[in-house]
Amino acid sequence: MCYMRALFDYDPTQDTLLPCQDIGLQFHHGDVLQIINVKDPNWWQAKHVGTDGPIGLVPSQELEERRKAYVHPEADYVHKISICGTRISKKKRKTMYKSKSNTDFDKADLIFYEEVTKMPPFQRRTLVLVGVQGVGRRTLKNRLINSDPTKFGTITPHTTRPPRVLEENGKGYWFIDREAFEEEVRNNNFLEHGEHNGNLYGTHLDSIRD
């Protein structure tokens, strides 16, 4: 079971591939769906998050990829007028999506769902400063903390890099080994994480809740 945010609109009454329109689940771009079952490669069982609505079928990522790559039968022929004014029809090749044969389609960035994580609400407000390297996030953070230490604070990130001279665990960073870090990632205990120079860094949920 997982959670997906839909990146397209879906109306089961307009889907000719759906086995039965009555069991289709309608959704809109931005809706979060709880995916119950993904055993069928074409149809997932899902329900809307936060409602008591029914479980229905939604198209899988793979099915939507195939749908976008499919050439409709009405477009099987390309028509053009010759110099003499006669109509010439040329049959167009029709192919379903195949990762090895359709290289142009492989390069397309087709994302119909994005996985999201369901988290309990934080006990205090969280402010996230986002920007490219060198834009001044650290300076702004320090100004906020110095302006009102009772209102603003900061988190202590986790890392797998070895501590440097005079560094203490819990002051600046929490130092853990890579195996423990990856286990916490698998358990969805990091708000965000990444790798830099071969070392893992991340913001643990406990550092925000505490």
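A residue is buried under 20% relative accessible area, exposed over 50% and partly exposed in between, with a 1.4 Å probe and protein chains only. By that rule Tyr 173, at 25% relative accessibility, counts as partly exposed. The model is predicted, so local features need pLDDT of at least 70 and side-chain atom pairs count only at pLDDT 80 or more, while totals for chains, interfaces and linings use all residues. Residues are numbered from 1 along each chain as its sequence is written, and side-chain values use heavy atoms, with hydrogens and water left out.

**Sheet**

- Five strands form an open sheet with mixed pairing, in the order β9-β10-β8-β12-β11; strands here are DSSP runs (E, at least two residues) and helices are runs of H or I of at least four, numbered from the N terminus.
- β9 (168–169) and β11 are the edge strands, each with a single partner, so one side of each has no neighbour in the sheet.
- β11 and β12 run antiparallel and are joined by six bridges, where pairing requires that DSSP find at least two bridges between two strands.
- His 193 has Gly 202 in β12 as its bridge partner.

**Largest pocket**

- The largest pocket holds about 1,800 Å³ of space.
- A pocket is an open set of points on a 1 Å grid over the protein atoms alone, where a 1.4 Å probe fits, with protein on both sides within 12 Å along at least five of seven lines; lining residues have an atom within 4 Å of a point.
- Its lining has 36 residues, and those closest to the pocket centre are Leu 129, Lys 141, Thr 154, Ile 155 and Thr 203.
- The elements giving two or more residues to this lining are α3 (137–147), β10 (172–175), β11 (190–196) and β12 (199–204).
- β11 contributes the most, with six residues.

**Aromatic pairs**

- Nine aromatic pairs are found in the whole structure; rings of Phe, Tyr and Trp (its six-membered ring) pair if their centres lie within 6.5 Å, and planes under 30 degrees apart count as stacked, over 60 as edge-to-face and the rest as tilted.
- The ring centres of Tyr 173 and Tyr 201 are 5.9 Å apart and the planes are at 65°, so this pair is edge-to-face.
- Tyr 173 lies in strand β10 and Tyr 201 in strand β12, 28 residues apart, and the pair thus links distant parts of the chain.
- One aromatic cluster is formed by Phe 8, Tyr 10, Phe 27, Trp 44, Phe 112 and Tyr 113.

**Helix α4**

- After α4 comes Asn 188, with a positive phi near 60°.

Definitions and conventions. Points joined across faces, edges and corners; volume = space filled by probe spheres on them.
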